[in-house]
Amino acid sequence: MTFLCIALVWLIGFGVARFLFPAPLRGSLHSVFLFSLGIGLGIGIACCLYFICLALFGPNWLILAGFGTIIAVAAILRSMNATNRGVALEWASGPATPAYLTWFLVLAAAMAASMFVILCLEKPHGEWDAWSIWNLKARFLFRGGDSWKNLLSSQIPNSHPDYPLLLPSIVAMCWTLARGESISVPIAVAFLFTLGVCGLLVSSIGILRGKTQAFVAGIVVLAAASFVQLGAMQYADLPMSFHILATLALLCLQDRFPDDLRFSIAAGLTAGFAPWTKNEGWLFLGAVVLARLVAILRFEGRAGLGPQFLRFAAGALLPVAVVAFFKIHFAPPNDVLAQRPSDLIAHLAVFGRWIITLQGLAKVLFVIGGFLLPIVLILALYWFLVRFHVAERDRTPLATVLLALGLMLAGEFVAYVAFPPDIVTQLNVSLERLVMQLWPAGLLAFFLAANPPQLVTTRVYGAARPKLAGKSQKPKPRTTVPKPASSTMRLN
Amino acid sequence: MASGFWQLLDLFSDYTRSTATFGVASFEDRFSDFRKTLAPHTVLGYLSDNPVNDPSNQSEFNLTQYTLAPAIVLPTIDQRLVVVNYHSRTPDQAVLHSRHLTPIRDFGKGVLLCRNDAR
């Protein structure tokens, strides 16, 4: 029953995604994209539904099941009836992909899955924040009955009662529908988000830059042990990472297919789910709007601004309204933001806090991902071999991603300096997780800018080439497969 | 890829060596009988025989709250009902008496419900 509920939630998301971007149901890149996007959309929509039902009607199984079924059936029917009116999302052209790269990707996926399973067997309730915050809230929602508002009590130490409820809601919703509390629900949700980030990264880079680049990106993200660990820890950082990546990938696709404005609607929806996941989602929402505004004005002019922003706002409306409803009517003030302005100014005036935050950030860049060698050095080597080349059509999406991530980092940097009284502890316990939220979107930017590596060399010898009548044939010792027009590659 | 494989081996090694005497599962087991007796809106005080500065003190308190949710557990004995989380064979009666705590029911496995007579 538990897995039926999870499947129902995913079906809602897949139905909405397929309604927005219809495509035949077959094994294709388009389907991988819809499958991955459907995870975040389904969970986000189901959480909003659950919370609205709970707030308006109380913990009523019948009402929740009724609304859930109606929305699932509607989403599935609309997606089945959707005509192929939009764009077909296919692999971008690029150099041939060697078979060994495919096997490496499969191997990386198998290792990541094994790691996830071992971690879940070892700690099925997740790590500290999972059971002291997220799953604890889910228990209050499910077990509390009419007293579910106890979860907002500021009496409970360290539970952060103002934190948004996407993760606890989806767990509590599945428990409510299944009429039983099973630890497999938070594990399944964590697995889905981990899978969703990988699928979304591979499929969006595949659409934007081609199969080889997508597979390399997939290997990098799956081989990062701390990424898989973050998923298995059942923290809200990976769902946050999903929404950041999904929003930015959809905006990149919007620029690739400018006539189909449904990408902006979907981007608005996923961006709206970010503040329903974690409080820093508000920062992301502001950052992505500002980044998009600057990128469009800088590279495209005002013409595209209005239609895209209207649709983005329309997509973000539902989730943002639900979060606002929660924050205004239920949540107590945030304990960090409740500090006195004089304290914040005093913190900002301490130069050492800026230094220690900068040092923490620099250190994290070298340890992020838990690789044997610092991943920044490996990516620097990769860049040295393939170099960047940003085609004109990729300038707006790349500027959007880089500006949004830069604003997020800057905002979090200032927040670290200004807010926590014990900055060292705060940096130690949270900085790597916050940077990991941006990691998949950072990879999207990197592989969007990098040239695809040419890993297959086709040798064509002069003797084997067809002779052209009337033209002298100068045999060449060997030639390689022609490079794409935009390529400035050095690796052959 | 090598990093991923290395981490996987590390995890597998940890998993096969771990004895798991402390953690969520053991708390779920210890407190399961007690939880069944609680109403959703109950507010409980909390007392542990861990030293105040012991790092496990905070995590054991959080685990107690997680296990007993939706009851609210407060890190104080200034409540009518107090749950005592002890690690010795029997609770220290002298300590309980000095804090005006009267045992109501011992659920075994180091879980004791007390009444605070000072309130």
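Chain A has an average pLDDT of 89, and 92% of its residues score at least 70. Among the elements of this chain, helix α10 (residues 237-256) has the highest mean pLDDT, at 97, whereas helix α3 (residues 61-81) has the lowest, at 86. Over residues 462-492 of chain A the pLDDT falls below 50, although this stretch has 38 contacts in the model beyond near neighbours in sequence. Where pLDDT is low, predicted coordinates should not be read in detail.

Helix α15 (residues 351-367) of chain A comprises 17 residues and reaches 25 Å from its first C-alpha to its last, close to the 24 Å expected at 1.5 Å a residue. After α15(A) comes Gly369(A), with a positive phi near 90°. A positive phi is also found in Gln234(A), a residue other than glycine, where the value is near 65°. Gln234(A) belongs to the loop between α9 (225-232) and α10 of chain A. This residue is classed as buried because 29 other C-beta atoms lie within 10 Å, and the class requires 20 or more. Arg387(A), likewise a residue other than glycine, has a positive phi near 65°. Arg387(A) is placed in the loop between α16 (375-386) and α17 (395-418) of chain A. With 15 other C-beta atoms within 10 Å, Arg387(A) is partly exposed.

Chain B contains an open sheet of 5 strands with mixed pairing, in the order β2-β1-β3-β5-β4. Its edge strands are β2 (72-73) and β4 (101-108) of chain B, each of which pairs on one side only. Strand β3 (residues 81-85) of chain B is mostly covered, with 4 of its 5 residues buried. On one side, β3(B) pairs in the parallel sense with strand β1 (residues 43-48) of chain B over 4 bridges; here Leu47(B) has Val84(B) as its bridge partner. The pairing of β3(B) with strand β5 (residues 111-116) of chain B is antiparallel and extends over 5 bridges, with Val83(B) opposite Leu113(B). In turn, β5(B) runs antiparallel to β4(B), to which 6 bridges join it. One of the bridge pairs involving β5(B) places Asn116(B) as the partner of Leu101(B).

Two helices of chain B accompany this sheet. Helix α2 (residues 24-36) of chain B packs on the sheet, where it touches β4 and β5 of chain B, and its direction makes about 45° with that of β5(B). Helix α3 (residues 55-68) of chain B lies across β1, β2 and β3 of chain B and runs at about 150° to β1(B). The loop between α3 and β2 of chain B holds Pro70(B). The peptide bond from Ala69(B) to Pro70(B) is cis, with omega near 15°.

The contact between the chains draws 33 residues from chain A and 23 residues from chain B. On the side of chain B that touches chain A, the elements giving two or more residues are α1 (2-17) and α3 of chain B. Of these, α1(B) gives the most, with 10 residues. By residue class, the side of chain B that touches chain A consists of 16 nonpolar and 7 polar residues, with no charged ones.

How values were computed: Residues numbered from 1 in each chain as written. Chains lettered and ligands numbered in written order. Predicted model: local features only at pLDDT ≥ 70, side-chain atom pairs only at ≥ 80, totals over all residues. Buried ≥ 20, exposed ≤ 12 C-beta atoms within 10 Å, placed from the backbone. Pairing = 2+ DSSP bridges. pLDDT = per-residue confidence, 0-100. Contact = placed C-beta atoms within 7 Å. Axes fitted to C-alpha atoms, helices over the stretch in contact; angles between N-to-C directions. Expected span 1.5 Å × (residues − 1). Nonpolar A, V, L, I, M, F, W, Y, C, P; charged D, E, K, R; others polar.
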